Every structure is written in C-alpha cells, then in structure tokens.
Amino acid sequence: MRAAMRRHAAIAVMTALAVSVTACGSSGSDTSDGSGDTYPIGVVNSTTGALGAVGQQEAKGMQLAVEEINAAGGVKGRKLKLEEVDDQGSVNLTTAGFKKLATETKVPIVIGPGISANAKAVAPLADQYGVTQILLVAQPEVANGTKHVFEVPLPGKANSEAMVNYAKEQGAKTAAIIWANNPYGQAGNTDVSNAAKGAGIKIVNSEGFDPGKFDFTAQAGKAAAAKPDTIFLYGAGGSSDALVLKSVAATGYEGLIVGDLAYSSDFVPETAGGNAADKVVSLTAVDYGNPDEKTKKFLDAYKAKFGEAPSVLSTYAYVAVQLTAAAIEKAPEYTGEELSKAIESLNFESIVGKLAYTAQWRGGPNADAFKPVTFKDGAYAVPDQG
C-alpha cells in the first residue's frame, strides 16, 4: 500500500520532518559502533514528495519507539539515535542516501525504505556493504535470498489469504473484487482471485479504480449488480479507499464487505460515513478491535502523542525500531554482521505477530497474524460473527 496517502490536518504537522539528514536522540559523542553515548541507526524514508504522507506515518512510529526505549534507559546503557535521510520518494536518492549512511555515517543498520521500487534498488547494497537492513515493504521476495535484509510488514499475499479465509468462514460462495489500479492493488486482485479459487469462492466481478479519482459509482454499481455474497475491497491506502466503500454502501448492497488492511485506517468513518464504515471488515496486522495489553499500551501512547490512532504503517515502523533494539541487546558487537545474526535468531514476538526469520525466509508473519476489525459509531470494534 505504497500509493500516496493523504491524511487530514495531522499530515501537515509532520512536514517538519522533511530534511535531508536529521537526528532524533541525544547529540552527545557518537560513533558508528555504538561505543559513544548512543547507538546510531540509519533511516531511509520518504517524508516529502508524492509519497511523503506514507513516510510521515512511518516516522511517527519510529519516533515513538525511540522515545520509549530511551526513556526506559536505552539499550545496554546507551540511547538510540536515528540518522534520517529523506529520499523524497526517489529511487536515486534512496540509493545515494543508503550509500551515505553506510560509508560516511557508517551505521551498521538501516531501517527503510517503505516503497517497493526503492527497496528493490537498495536491498543488494545491504549485502554489498555488510549493513543490516529492515525494510518496511510487504514483498518478501525482495529480502529472501539476501544475507542482511529483513522485512517487518506482513506479506500482501497473506493479507489476501486472510480476507478470503474470513469470507469463507462467514459462508461466502461468490465474491466481487474492487481494487486500486496500482501495483499494490493489482497484486491484491491477483492474490485475492487465486485465494478465492482455492477456497471454492467464485469471483463474479472484478473492477479496478483510479486512486486519484473521487467518483466510484460505476465500479460499486457493477460489483453490487453481480449480487455476490461478498465484495472484497483492496485499497491504495488513501481517502479514495473510503470513497469506494461509501459508493458500495450507497448501492444498498447488504452482503459482506471485506477490506484489506487499508480499511482499518481511522479516517475511514469520517470519509466514508458511519453507516458505510460499520459495514466493512478489515483484515489488519494491528488488533484495533480487541487489543492485548501490549498492543493497547502502544495504541494509547500513540494517540496521546499524536492525537490519532496509528496506521498500520506507523506500527510496522515502530516494530522495526523495537526489533533493532532487541538485536542490539543480543549482538556481541554493533556491526551489520552480528546484528543480522541476532535478528535471525530472535523469533521476535511483536504487536503485528511473530517475526521468525531463517536463511530462506526474510518476510513478515503469515496470514494467521491478521485480525478482523470494523467500526461502530466511528470507533474500532470487533465485527459480529455470522
């Protein structure tokens, strides 16, 4: 879900992050091996440009994690410090930024980027420079086969499988799909279709939509006219997703509506309207509806700091910093080689599921980690089971 995500006034607040290289943490003596006052952690992220809204969400998650860890005493007596590079969404700037962090700043670990094309461009550099990299993308094929690259986000294919599994549990036999016409949505359409076939659910209609548009009456009308048991919605991560949902609800469709993790965004009720938001069930990596103690603590802390619920993207970035801290704690030396070994051995229990890496698997958790959530009167809720 790496299309531009336009949030409301809260997005503007984060534009202050749009600098080429900034630091978060103490400004005491630092060295790349963590022998100074801090452990410097590289970040390659898009906080400006067309995809700046995505990077701003991720920046918030990282900021909160660093503040919490440092407030608790840091790691091994030292604080974490983010060395951030804004790549503005440009593949060239991502590559240049990664090389600068690896060769000039000399950090042994880099978090990001969160855009698929950019991640594909720099993942080979992590092995080349011996730098551990934690990507914020949901394509495990980018990291699989590498030595130093890992991913936190749950694979998009797993999200599709979770959506179909949920619909099947509710008794669905037929389904329509409305999907964002971008690489993320196109992959979602393919994955949902394949998963549905395997589950014995017949796809009776498939409609793409342009995330840059505002009127989705035609797509919603065609999907509803096919009279499916379920309509699957695979979004782009922005307000257009909620408008698609609004259009589906406006047709009078009474069947099950199942959305990808984009439909767990807290702006959905405001944009789609309460009646529409109450109809969708999102399969998401964050258990907003029935959080355990650790997840609730995170949700409350994020809301207190930023005045909004964290997006799934914010949560992935938050977990990436926690994973980094756990690796630093376990690694005998603050080097890319040792940090990668530590990450692979952790079996890290996070609020988005277990991160269990092997030499062959570098992606996030599987479909079992997705939780169903809906809205009730604008607030997150556990969906009624059919």
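Modeller: Let's start with a term: two residues are in contact when they have heavy atoms within 4.5 Å. Among contacts in this chain between residues at least 6 apart in sequence, 72% join residues at least 24 apart. Keep in mind that this is a predicted model, where local features need pLDDT of at least 70 and side-chain atom pairs count only at pLDDT 80 or more, while totals for chains, interfaces and linings use all residues. Residues are numbered from 1 along each chain as its sequence is written, and side-chain values use heavy atoms, with hydrogens and water left out.

The chain has 14 helices and 15 strands, which are DSSP runs numbered from the N terminus (helices: H or I, at least four residues; strands: E, at least two). Its radius of gyration is 20 Å, close to the 21 Å that the globule rule gives for 386 residues, so the chain is as compact as a globular protein of that length. That radius is taken over C-alpha atoms, and the rule is 2.2 Å times the number of residues to the power 0.38. Of the 386 residues, 57% count as buried, meaning under 20% relative accessible area with a 1.4 Å probe, protein chains only.

Now for the pocket. Rolling a probe the size of a water molecule over the atoms shows where empty space is left. On a 1 Å grid over the protein atoms alone, a pocket is an open set of points where a 1.4 Å probe fits, with protein on both sides within 12 Å along at least five of seven lines. The second largest pocket holds about 270 Å³ of space. Of its 13 lining residues, the closest to the centre are L299, K303, A309, P310 and Y380; lining means having an atom within 4 Å of a point. Volume is the space filled by probe spheres set on the points, which are joined across faces, edges and corners.

Helix α12 (residues 293-306) gives the largest share of that lining, four residues. Sorted by class, the lining has six nonpolar, two polar and five charged residues. Here Ala, Val, Leu, Ile, Met, Phe, Trp, Tyr, Cys and Pro are nonpolar, Asp, Glu, Lys and Arg charged, and the others, Gly among them, polar.

Not counting residues up to four places away in sequence, T315 touches P310, V286, F298, I351 and V352. T315 is buried, with a relative accessible area of 0%.

Conventions: Buried means under 20% relative accessible area, exposed over 50%, partly exposed in between (1.4 Å probe, protein chains only).
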